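Me: I would like to learn how to read a fold from its atoms. Could you take me through one case, feature by feature?

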Amino acid sequence: MQSAPPAPALERPRDLAELENLLATPSPALVADLAGLDGDLLVLGAGGKMGPSLCRLARRALDAAGRGDLAVRAVSRWSDPQAAAALAEDGVETVPFDLMDGDPAQLPDAGNVVFMVGAKFGSATDPTSAWAVNAALPDRIARRYPHARIAAFSTGNVYPLVSVLDSGSAEDDPTGPVGEYAMSCLGRERVFGHHARRSGTPVSLIRLNYAVDLRYGVLADIADAVRSEAPVSLATGHVNVVWQGYANEVALRSLTRAAADPFVVNVTGPETASVRRLAHRFAAEFGTTAHFAGEESGTGLLSDASLCHAEFGYPAVPLATLVSWQAGWIRDGLPLSGKPTKFDVRDGRF
């Protein structure tokens, strides 16, 4: 029997339209999983960095599965009307709603919910807001949707720093959040877990670190610094990263694995990447010199995503490709979000 030919290499997105199209292109596995969904899909916090592309991805996957009968509804304050209008053009229904101040009873019914709401930056100076968003709001949402499948984004920050010589924290390892942000995110998990066990609500928990989509992320932070010959911090010298399209796909596919005993999955790439080596690779791409601040420690915020890769396959865009794409994106002067990840923070103060 002849082996199947290798999949064609993905081409680097040359502009925002191509990037958004790539992020919203579903895999056959996603189409197959979403074909069996029962009930509309509601995405809460859809106006953030990952939300619009997740909504488009879901809409295209459902359409490809012949499930045009299911709606994809994107909930946000939608302070940017253009973003809402662009989603509407792609078949996603936008729902203007303030999740913190509004009555959840006024939200549309749904059989499937993706919870993307979160507060991170500013949590060190205003921890009460972080807890209100990350831990109190999930209680209101779980009470509103006791019989829906809920996929809730969490973070690898719920784990402690671990040795860079190990494979990273696995899902059954002890948690050990550092700082108000990480503690409130573990609170989010505990609240959804409480409702799963009390009401039988099927839940999946997505422990993500760190998604990249060329406009933002750890690679953009490092590449932008190297291009301008600014020093790259080595305070956290090793990182995990993953293509945002893969992270969104896993979140959507996890709806079919959601259970009353919550399905917990680390979502990241398979490599432990050296920040120093990444900087040198970008310097070679740009013809500049990499400069550094500090020295690597022996620990980092690292996750073992073996379960994710076994369940959902490996990311379609590997690290080497992401580095090449990121360099080309910055070299072409394409837009960055201007929102650094602060991946080098080690004390949990964001």
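What follows is a dialogue on the sheet, the helices, the cores and some single residues.

Me: What kind of model is this, and how are residues numbered?
Reply: Residues are numbered from 1 along each chain as its sequence is written, and side-chain values use heavy atoms, with hydrogens and water left out. The model is predicted: local features need pLDDT of at least 70, side-chain atom pairs count only at pLDDT 80 or more, and totals for chains, interfaces and linings use all residues.

Me: In what order do the strands of the sheet stand?
Reply: Terms come before the order. Helices (H or I, at least four residues) and strands (E, at least two) are DSSP runs, numbered from the N terminus. Two strands pair if DSSP finds at least two bridges between them. Here seven strands make an open sheet, in the order 3-2-1-4-5-7-12, with parallel pairing.

Me: Which strands stand at the edges?
Reply: Strand 3 (93–96) and strand 12 (263–267) do. Each has a single partner strand, so one side of each lacks a neighbour in the sheet.

Me: How many bridges join strand 7 to strand 12?
Reply: Five, and the two strands run parallel. Ile206 has Val265 of strand 12 as its bridge partner. Strand 12 is also largely enclosed by the rest of the structure, because four of its five residues are buried. Buried means under 20% relative accessible area, exposed over 50%, and partly exposed in between (1.4 Å probe, protein chains only).

Me: And what joins strand 1 to strand 2?
Reply: Four bridges join strand 1 (residues 41–44) to strand 2 (residues 72–76), again a parallel pair. Val43 stands opposite Ala74 in strand 2.

Me: Which strands does helix 3 touch?
Reply: Contact means heavy atoms within 4.5 Å. Axes are lines fitted to C-alpha atoms, for helices over the stretch in contact, and angles run from 0 to 180 degrees between N-to-C directions. Helix 3 (residues 51–64) packs on the sheet and touches strand 1, strand 2, strand 4 (112–115) and strand 5 (149–155). Its direction makes about 170° with that of strand 2. Helix 8 (residues 244–253) packs on the sheet too, touching strand 1, strand 4, strand 5, strand 7 (203–208) and strand 12. The direction of helix 8 makes about 145° with that of strand 5.

Me: How many residues has helix 5, and what should they span?
Reply: The expected span of a helix is 1.5 Å times one less than its number of residues. Helix 5 (residues 127–144) has 18 residues, which should span 26 Å; its end C-alpha atoms are 25 Å apart, which agrees.

Me: Where does helix 5 bend?
Reply: The bend at a residue is the angle between axes fitted to the seven residues ending there and the seven starting there. Helix 5 bends by about 35° at Ala136, and Pro138 follows within four residues. The buried residues of helix 5 include Ala130, Leu137, Pro138 and Ile141. Strand 1, strand 4, strand 5 and helix 6 are among the elements covering them.

Me: How many residues has the largest nonpolar core?
Reply: A nonpolar core is a set of buried Ala, Val, Leu, Ile, Met, Phe, Trp, Tyr and Cys residues joined through side-chain atoms within 4.5 Å. The largest has 78 residues, and those with the most contacts inside it include Val114, Phe153 and Trp243. Helix 11 (residues 319–331) gives the largest share, seven residues. Apart from this core lies another, of 23 residues, among them Leu44, Val95, Phe115 and Ile141.

Me: Is Glu189 buried or exposed?
Reply: Glu189 is buried, at a relative accessible area of 4%. Its place is in helix 6 (residues 179–199). Beyond residues up to four places away in sequence, Glu189 touches Ser154, Val158, Leu205 and Arg207.

Me: What is the phi of Trp78?
Reply: Near 50°, a positive value in a residue other than glycine. Trp78 sits in the loop between strand 2 and helix 4 (81–89). Trp78 counts as buried, at 10% relative accessibility. Leu214 also has a positive phi, about 85°, though not a glycine. Leu214 is buried, with a relative accessible area of 1%.

Me: Which residues does a cis peptide bond join?
Reply: Asn209 and Tyr210, with omega about -25°. Tyr210 lies in the loop between strand 7 and strand 8 (211–212).
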